[in-house]
2 protein chains.
Amino acid sequence: MEFKISKEFIEKIEGLIQQNNITELESLLQDIHFADIAEIMNDLEPSQAIYVFNILNSEITAEILLELDDEVRETILRSLSAKEIAEELDELDTDDAADIIAELPQSKKAQVISELEDVEHAKDIVDLLRYDENTAGGIMAKELVKVNENWNVLTCVKEMRHQAENVTRVHSIYVVDDEDRLKGRLSLKDLLTTSTKTPISDVYIKKVDYVRVDTKDVEVARIMQKYDLEAIPVIDELDRLVGRVTIDDIIDIIKEEADKDYQLAAGISQDVEADDSILELTKARLPWLVLALFGGFISVRVLGIFEPAMEKHATLFLFTPLIAAMGGNVGVQSSAIIVQGLANNTITGSLFNRLIKEFSLSLMNGAFLSAILIIVSHFLFGFDYNIGITVSIALLSVIIFASLIGTFIPIVLDKYGIDPALATGPFITTSNDIMGILIYFSIAKAILGF
Amino acid sequence: MEFKISKEFIEKIEGLIQQNNITELESLLQDIHFADIAEIMNDLEPSQAIYVFNILNSEITAEILLELDDEVRETILRSLSAKEIAEELDELDTDDAADIIAELPQSKKAQVISELEDVEHAKDIVDLLRYDENTAGGIMAKELVKVNENWNVLTCVKEMRHQAENVTRVHSIYVVDDEDRLKGRLSLKDLLTTSTKTPISDVYIKKVDYVRVDTKDVEVARIMQKYDLEAIPVIDELDRLVGRVTIDDIIDIIKEEADKDYQLAAGISQDVEADDSILELTKARLPWLVLALFGGFISVRVLGIFEPAMEKHATLFLFTPLIAAMGGNVGVQSSAIIVQGLANNTITGSLFNRLIKEFSLSLMNGAFLSAILIIVSHFLFGFDYNIGITVSIALLSVIIFASLIGTFIPIVLDKYGIDPALATGPFITTSNDIMGILIYFSIAKAILGF
């Protein structure tokens, strides 16, 4: 069940804004989920979005801020005073509030923080701001339920009730010592079925998964997925419990990571969407195209070396795009499998064995494709038999070369801490184009002797 | 904090298996998380994996089954009798149990089901088996906590305690009427702070998100993400509450969907991993390569049409790979952005407007790249000025054409219910190769008049 935003609905809202009909607008938006209102606002003109934001119930405006597209949120935040922003942030969990503060211009940050009403909340938010955004510290929230190992069950239940008020979803109760160091966790069931005088130290579970503040966010995502956790505690350098990461934060990371690899494979260098401005799309697309163009120039030069053969062996030149394309395709396949394997942490074992496997695979596939090529070029197209043989051998060589390069480069990049996804897409197709042409004509020269 | 599986550790386990040293093996594996044991088993020989499975504590074997790689799980299941499999399934949630039964050979399915001890559990599993695996019905579990709207709070709490025993994570309490139709949900807080005699109908929240049994799994994932839900109830054709989907199931779907698009874009036609057998990898890779090869033949033929021009304008042929590659790159970029937009449901508005936008974008980018091309080819390479102009105009045309095709095809495929990701990768590069060459030489012929 989902509210579907229709074009008519948007137009109706736009009409009501023009008529300045607040009552009608309020009643129209009353029963709509904040995520849907955010989507509607994304579709409106900036001034209209601000108008809608201002008439909304203050209970949901903070949530809406979180759901808006970046540009729309920026517009709204610009229209609000530091005090108004602080009021919104007071409604939010620490991690979400910190994310919004991080987006503010430097000058406004301190102002907003000083306007926060709840001092504890403000302290927690400031705490979060010092962590790198791609680490556990950067994605964790300070909201959690923790109890001291020296308490008894009764104190515990009382304290928990109090703490749980600020926590949307409890997930787990963490046990700490007097120094706030994480000792274990507690199941709600055990707590409710044990005598109220029992000390916590007798009932808590000493085994607890955790991550450190500086653990990379993708690593946190991987651990939570692997162990099927809905929340994981985060500890600092002194083993103190400082926050927890919940599963909804992880979903965004998993999606972003997958989207990023996909975009890199397609030659898009930053996170863009179809609805972004032409300028932003150009910024994301043009860099790789320029690189590919210069790669193309190299291929022109390389091909130029063999131009003298054109007179005697014109046919050879007809096959250049085919050879180059096949090299590109095979290279992309190999590198994609490796990049995905690296992302899922399944690439283990020696590089040498992996190259041997890829060699066998490409030898088999290449031999099959080369056989098709000989048959088609000779019997169907009627090309000279020598040409058929030459092109086939070149195709086989290029396929083997491209698949080895496609396997080798991502693994090596990863070893040196560079994102292996960079090695997919235009990079691999362009370099395989160049090498493919070079290999092709070198083999042709060796066989046909021009 | 994660257990790292080292090569040495695997070798130690292999050694203990050879010595048949069960005691040592048991103590070694005792404190290891089942997800890690599953990973270890994935790395062992089949006979060794079976050996380890058999000495493990029966409490964790069912969980391990879920975590194993498909082939290893198949091996283990083949080594177990129907009764033994049923015993494992009795430990699992209905959705996981149904997934495993679905993987069994037809003959064993009925046997295993008849051996299930808990009749209610068996009925639920059989129920789940009839849903398409890519729908809400196919991914939901029957385990949930529900109460009747006519009960009072006291009855409710009693019933809930009983039901919650079978539910790992409660998430939400659903409210149904006498016909089991979903009416709303209940917050645990309200339940605990209301007088025990209050009827449920006075306290429950009538607004509840839900999906239907036949809602597509990717749609369920989208809704849960959008509304930030950790669980969503599933209703059948008669609005009866029949199950619920939890967030951990959704993570797998989000990941699978992203991986699938990525693999299609790379010309890989089925879900494979780097560690799959050469045969499986070939099955996933060869089909697209064969298609690309036949696309290559067409490019040979098209280029052949213009062969007579080779004598007079040899230089033109040196640029063929460059033009083809640029067309491919631009086409992949455009289609990738559209495919991702379609996956995220952000492609709205008219196709015409989108093509106009893409046209403007590619006109800008193309003009920039063409300008570079003229300058480099004339001043750096010293090619004839006419050639530079010709190739530049061709490059601009090919870029515009490729980006329009890259935008148009995925949207049209999606409209007809075909996966738009099919239009990325080798498909778009190959067709752009062919069209690129055709456009290039047609323009050259018009300008240079050969």
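Domain bounds are taken here from an automatic or database domain assignment. In the predicted model, this assignment divides chain A into domain 1 (7-138), domain 2 (145-247) and domain 3 (278-448). The C-alpha centres of domain 2 of chain A and domain 3 of chain A are separated by 53 Å.

Chain A contains an open sheet of 3 strands, arranged in the order E1-E2-E3 with mixed pairing. The edges are formed by strand E1 (145-148) and strand E3 (182-186) of chain A; each has a single partner strand, so one side of each is left without a neighbour in the sheet. On average, and with direction ignored, neighbouring strands of this sheet are turned by 35° against each other. The pairing of E1(A) with strand E2 (residues 173-176) of chain A is parallel and extends over 4 bridges. Within this part of the model, Asn148(A) is placed opposite Val176(A) of E2(A).

Contacts involve 109 residues of chain A and 109 residues of chain B. The two chains bury about 10,000 Å² between them, and 62% of this area lies on carbon and sulfur atoms. Polar interactions between chain A and chain B comprise 28 residue pairs in polar contact, counted where both residues have pLDDT 80 or more. Helix H17 (residues 278-305) of chain A supplies 18 residues, the largest share of the side of chain A that touches chain B. A total of 8 salt bridges is found between chain A and chain B. One salt bridge joins Lys226(A) to Asp36(B), with the closest N and O atoms 2.6 Å apart.

How values were computed
Residues are numbered from 1 along each chain as its sequence is written. Chains are lettered from A and ligands numbered from 1 in the order in which they are written. This is a predicted model: local features need pLDDT of at least 70, side-chain atom pairs count only at pLDDT 80 or more; totals for chains, interfaces and linings use all residues. Side-chain values use heavy atoms; hydrogens and water are left out. Two strands pair if DSSP finds at least two bridges between them. Helices (H or I, at least four residues) and strands (E, at least two) are DSSP runs, numbered from the N terminus. Axes are lines fitted to C-alpha atoms, for helices over the stretch in contact, and angles run from 0 to 180 degrees between N-to-C directions. Contact means heavy atoms within 4.5 Å. Buried area is the accessible area (1.4 Å probe) that two parts lose on being put together, summed over both. A salt bridge is a side-chain nitrogen of Lys or Arg within 4 Å of a carboxyl oxygen of Asp or Glu. A polar contact is a pair of N or O atoms within 3.5 Å; within protein, one must be able to donate a hydrogen and the other to accept it, and residues adjacent in sequence count only if both atoms are side-chain atoms.
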